[in-house]
Amino acid sequence: MDQPDRLLIWLATAAYFLAVVYAAVRLFNRRPHARSITYPIIVTGFLLQTAGLYLRGLEIGACPLGNSFEIIQFVLWSTIFLFLIVGPVFRVTLLGTASAAFVSVVGIVSLLMPGWDRPHTAKLFGGDPLIEFHAALSVFSYGIFGLLASVAALYLLQYYALEKKWKSRVFYFLPSIVKVDNLARRLLPTGLVILTFAFASGLLVWFEDAWSELHMKLLAVFVLWIGYGAVWTLRQRDRISPQRAAVTFLALYVFALFSLWPVKSSHDLGEFAETTSQSPVILSK
């Protein structure tokens, strides 16, 4: 493998997957989750992924957000980063395993899709710091919502285990449903605040016509902002049950991942517009 940045990201993904396998073996043997082993494995994966993204950033001379592979890896990196901060505070059992499972699956898919890592030589976002600020905030908020989706999955698993009265001892190792719901209540406004700043900075760029081709991107962010904002409002007024909110969090995050494609298409349109404005002779052929 001749790309050290991709090699480091492969190793990081392998570390996350190892954490999942270790947790699965412990659960299969009906042994409690060992945070003292899982956490260092995830930290190792995080450091490897950070090094890989850092090398990619040095190579392109900007924050690595230029193609689908880089955007997805940045979202996954943000998810693990937030887990490393939130996990020790709330001590939610298996949250690290759920996050590592999500990151390893999506990470492997992104690594196996060579078309997603298309080289890009043009300077990202035209060198406008406001656009890079907007892009970084947007992707970071997606990382928060990725962690929120992991929490929602744990909540639904525990909820249905209690409702169906499943007897498996595995469910005894799951976090308290109240603790998971409290964590979701804290993550939602945090992600919403970051997404609000991202949307506001995107509007400033759009009104200045510096990024007018990216209306699809702003539309996707606006839909997410409305969706998460509606759930937050309903939860504040106790007008939506925790389980319905959890299902909504998962649905919104699936939409967020698919919205990365309009983002990428819009970026391509921007590059195309820049190219055509600089090479009229080529177009005439």
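View 1. Arg235 and Asp181 are both buried (under 20% relative accessible area, where exposed is over 50% and partly exposed lies in between, with a 1.4 Å probe and protein chains only). Their side chains meet in a salt bridge, with 2.9 Å from N to O, the term standing for a side-chain nitrogen of Lys or Arg within 4 Å of a carboxyl oxygen of Asp or Glu. The pair links distant parts of the chain, Arg235 in helix α7 and Asp181 in helix α6 (residues 177-207), 54 residues apart; helices are DSSP runs (H or I, at least four residues), numbered from the N terminus. The model is predicted, and local features need pLDDT of at least 70, side-chain atom pairs count only at pLDDT 80 or more, and totals for chains, interfaces and linings use all residues. Residues are numbered from 1 along each chain as its sequence is written, and side-chain values use heavy atoms, with hydrogens and water left out.

**View 2. Salt bridges of Asp117.** A search of the whole structure finds six salt bridges. In one of them the side chains of Arg6 and Asp117 meet at 2.9 Å, N to O, and this pair links helix α1 (residues 4-28), which holds Arg6, to the loop between α4 (95-111) and α5, which holds Asp117, across 111 residues. Both Arg6 and Asp117 are buried. Asp117 also forms a salt bridge with Arg56, where the closest N and O atoms are 2.9 Å apart. Because Arg56 lies in helix α2 (residues 35-60) and Asp117 in the loop between α4 and α5, this pair ties together parts that are 61 residues apart in sequence. Arg56, like Asp117, is buried.

**View 3. Helix α5 and the residue Lys165.** Helix α5 comprises 35 residues (129-163), which at 1.5 Å a residue should span 51 Å, and its end C-alpha atoms are 50 Å apart, in agreement with that value; the expected span is 1.5 Å times one less than the number of residues. Lys165 follows α5 and has a positive phi, near 55°.

View 4. Met216, Leu219, Phe222, Val223, Ile226 and Phe255 make a nonpolar surface patch of about 490 Å². Such patches consist of residues with over 30% relative accessible area and no salt bridge, nonpolar side chains (Val, Leu, Ile, Met, Phe, Trp, Tyr) being joined within 5 Å, and accessible areas come from the Shrake-Rupley method with a 1.4 Å probe. Helix α7 (residues 215-236) gives the most to the patch, with five residues. Val223, placed in helix α7, is partly exposed, with a relative accessible area of 36%.

Conventions
Helix = DSSP H or I, 4+ residues; strand = E, 2+ residues; numbered from the N terminus. Patch = residues over 30% accessible without salt bridge, like charges linked within 9 Å, V, L, I, M, F, W, Y side chains within 5 Å.
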